[in-house]
Amino acid sequence: MENRTVGATLGQESIRRSIIAGVAGLLLVLIFMAIYYRLPGIVADVSLTIYALLCLAAFSLVGVTLTLPGIAGFILSIGMAVDANVLIFERTREELRSGNTLYRSVESGFFRAFSSILDSNVTTLIACAALFFFGSGLVKGFALTLAIGVLVSMFTALTCSRTLLLMIVLGLPKVRQNPGLFCPNLSLPAK
């Protein structure tokens with residue numbers, strides 16, 4: 001057994017530092033996604049911004065108080081959201097390298113990544129349910145923020161990212177003719 005008492009100033013400072021660390025981490029992830037994945041990375045950045053706003057709105061609706069464990073759950077769910085986009089974009093690159101058109105590659109990328117995304121999110125939600133029902137206090141807050149974040153991340157990765165990418169691919173002929181925006185140094189197989 002352990003019992004710690006933290007003064008209001010120290011507790012507030014810890015929360016403030018955690019929020020700063022979360023925002024800094026999110027900004028670094030946004031920059032990395034834009035540099036490494038190019039156009040799809042920028043689309044992922046827009047989706048991640050939508051994700052963060054939807055999460056914060058859901059936290060407000062449910063009445064979540066962001067304690068340190070709650071902030072940790074939210075930050076972990078950001079990683080899950082990024083992971084879903086990475087899976088999709090890597091599958092899309094594989095399809096492009098196979099010689100598929102950009103539209104078909106994007107569609108196949110989402111289709112092929114779906115089962116991996118679903119499996120990882122369902123197993124995380126099962127762990128969240130166990131933590132929520134068998135845990136107490138701060139553990140429940142962690143489980144709740146993580147579960148909300150995972151559900152919202154699945155929505156934004158599979159709906160927002162897909163819709164935005166397909167709008168760009170189908171709506172902008174110059175993008176459709178330049179798969180290098182999705183896969184740098186693309187050398188198509190000889191036909």
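**Reading a nonpolar patch on a helical model**

Trainee: How many helices and strands does the protein have?

Mentor: Five helices and zero strands. Here helices (H or I, at least four residues) and strands (E, at least two) are DSSP runs, numbered from the N terminus. Keep in mind that this is a predicted model, where local features need pLDDT of at least 70, side-chain atom pairs count only at pLDDT 80 or more, and totals for chains, interfaces and linings use all residues. Residues are numbered from 1 along each chain as its sequence is written, and side-chain values use heavy atoms, with hydrogens and water left out.

Trainee: Okay, what box do the C-alpha atoms fill?

Mentor: Roughly 70 × 30 × 30 Å, taken along the principal axes.

Trainee: And what percentage of the residues counts as buried?

Mentor: Buried means under 20% relative accessible area, exposed over 50%, and partly exposed in between (1.4 Å probe, protein chains only). Of the 191 residues here, 37% are buried.

Trainee: Which residues make the nonpolar surface patch?

Mentor: Nonpolar side chains (Val, Leu, Ile, Met, Phe, Trp, Tyr) are joined within 5 Å. In this model, Ile42, Val46, Ile50, Leu54 and Phe155 make a patch of about 380 Å². Helix H1 (residues 8–62) gives the most, with four residues.

Trainee: Where does Phe155 lie?

Mentor: In helix H4 (residues 138–171).

Trainee: Why does Phe155 count as partly exposed?

Mentor: Because its relative accessibility is 41%.

How values were computed: Patches are made of residues with over 30% relative accessible area and no salt bridge: like charges are joined within 9 Å, nonpolar side chains (Val, Leu, Ile, Met, Phe, Trp, Tyr) within 5 Å. Accessible areas come from the Shrake-Rupley method with a 1.4 Å probe; for residues, only the protein chains shown count as cover. A salt bridge is a side-chain nitrogen of Lys or Arg within 4 Å of a carboxyl oxygen of Asp or Glu.
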